[in-house]
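Biologist: I have a model on my screen and want to learn how to read it. Where do we begin?

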Amino acid sequence: MVDEKAPPKKQGLHGWKAAIAVFGCGSLAAFGVFGVLALIAGSFLRATSAGVTEEEGQVAGVEQTGAPRDELPPGDLNVCENYFPLISDVTIEETLSSVDMDDAQAEGFQLGDRREVAGECSFVISPSYGINSESARWDMNFSYQAIVFDPNVDRDEQAAQIFVSEVSEAERVNSGSSEVDDPSWAEESRAFYGVGEAGESRYLVILRTRSAVYTFDFAGDVSDANSGVVPKNDFTRQAEDVVERLHNRFFLLIPE
């Protein structure tokens, strides 16, 4: 699942260091005798701020401003293991399974070969929304397919075809039993809200960002106080937070 071209939603540098830098420069500029000190302080603050930005970029590149990378080192798009555990919008209580694959790490791979990155993982999470969110537990399954390079086809168009195929299959499986929405998330998205075999509420989302197609679904826990019944709005709000993170990450890490 995968393809490209959609601008990230967030951008800009901010924070208390920027405020200190502005305040410091304004105050010291009023006193000529402290000119040298102002220069030193400004240099120190710029260096410190740059260091923090670089460090944050390593943890949550999705929140950084900029264009897609020129290249993607092998293993850098391992979303299941290297990214999901770091985002604050999802509290992972337990990792049930996690598998990622990158063609660039396969034996015999050569520069110029078609390259795809894919993965699947399952978690037990504590949701951020709902009346009993502190005690509630949801199952979350996630999968993705990203076409990083293909010398023979347009990656975005290929991902768009994969998206259509995934949606068609979900519509077939959930025919007549789910509420279907077209949220304005990522470049393309479709959401399905329904009830599972055990009576638990389920929420499936299929999305495309550039040359990446990814899906995740939430399911209520039938053993909790609500017997796994979760209002659609709780699922939707949680999904929107997660999608924003994933959309920006795929946008920034998949090369042009």
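Modeller: Begin with the elements. Helices (H or I, at least four residues) and strands (E, at least two) are DSSP runs, numbered from the N terminus. Take Arg 210: its place is in the loop between β6 and β7. A word on the source: this is a predicted model, where local features need pLDDT of at least 70, side-chain atom pairs count only at pLDDT 80 or more, and totals for chains, interfaces and linings use all residues. Residues are numbered from 1 along each chain as its sequence is written, and side-chain values use heavy atoms, with hydrogens and water left out.

Biologist: How many helices and strands does the protein chain have, and in what order do the elements run?

Modeller: There are five helices and seven strands. From the N terminus the order is α-α-α-β-β-β-α-β-β-β-β-α.

Biologist: How do I read burial?

Modeller: By relative accessible area. Buried means under 20%, exposed over 50%, and partly exposed in between (1.4 Å probe, protein chains only). Of the 256 residues of the protein chain, 43% count as buried. Arg 210 is one case: its relative accessible area is 0%, so Arg 210 is buried.

Biologist: What about the backbone of Arg 210: what is its phi?

Modeller: Near 50°, a positive value in a residue other than glycine. Ala 186 also has a positive phi, near 55°. Ala 186 sits in the loop between β4 and β5.

Biologist: Which residues of α4 are buried?

Modeller: Arg 155, Asp 156, Ala 159, Ile 162, Phe 163, Val 167 and Ala 170. Seen down the axis of α4, these buried residues fall within an arc of 135°, so they line one face of the helix. The arc is that of the directions from the helix axis to the C-beta atoms. On the other side of α4, Glu 157, Gln 161 and Arg 172 are exposed.

Biologist: What covers the buried residues of α4?

Modeller: The cover includes β3, β5, β6 (201–209) and β7 (212–220).

Biologist: And how does α4 start?

Modeller: With a cap. Asp 154 caps the N-terminal end of α4. A side-chain oxygen of Asp 154 lies 2.9 Å from the backbone nitrogen of Asp 156.

Biologist: What is a polar contact?

Modeller: A pair of N or O atoms within 3.5 Å. Within protein, one must be able to donate a hydrogen and the other to accept it, and residues adjacent in sequence count only if both atoms are side-chain atoms. Gln 145, in strand β3 (residues 138–149), gives another case. The side chain of Gln 145 makes a polar contact with the side chain of Glu 116 (3.4 Å). Gln 145 is buried, with a relative accessible area of 19%.

Biologist: Last feature. How do I read a disulfide?

Modeller: A disulfide is a covalent bond between the sulfur atoms of two cysteines. The rule applied is a pair of cysteine sulfur atoms within 2.5 Å. By this rule the count is one disulfide. Cys 80 and Cys 121 form a disulfide, with sulfur atoms 2.2 Å apart. The pair links distant parts of the chain, 41 residues apart: Cys 80 in helix α3 (residues 79–82) and Cys 121 in strand β2 (residues 115–126).

Biologist: What is the handedness of the link between Cys 80 and Cys 121?

Modeller: Left-handed, with -75° about the S-S bond. Both Cys 80 and Cys 121 are buried.

Conventions. Contact = heavy atoms within 4.5 Å.
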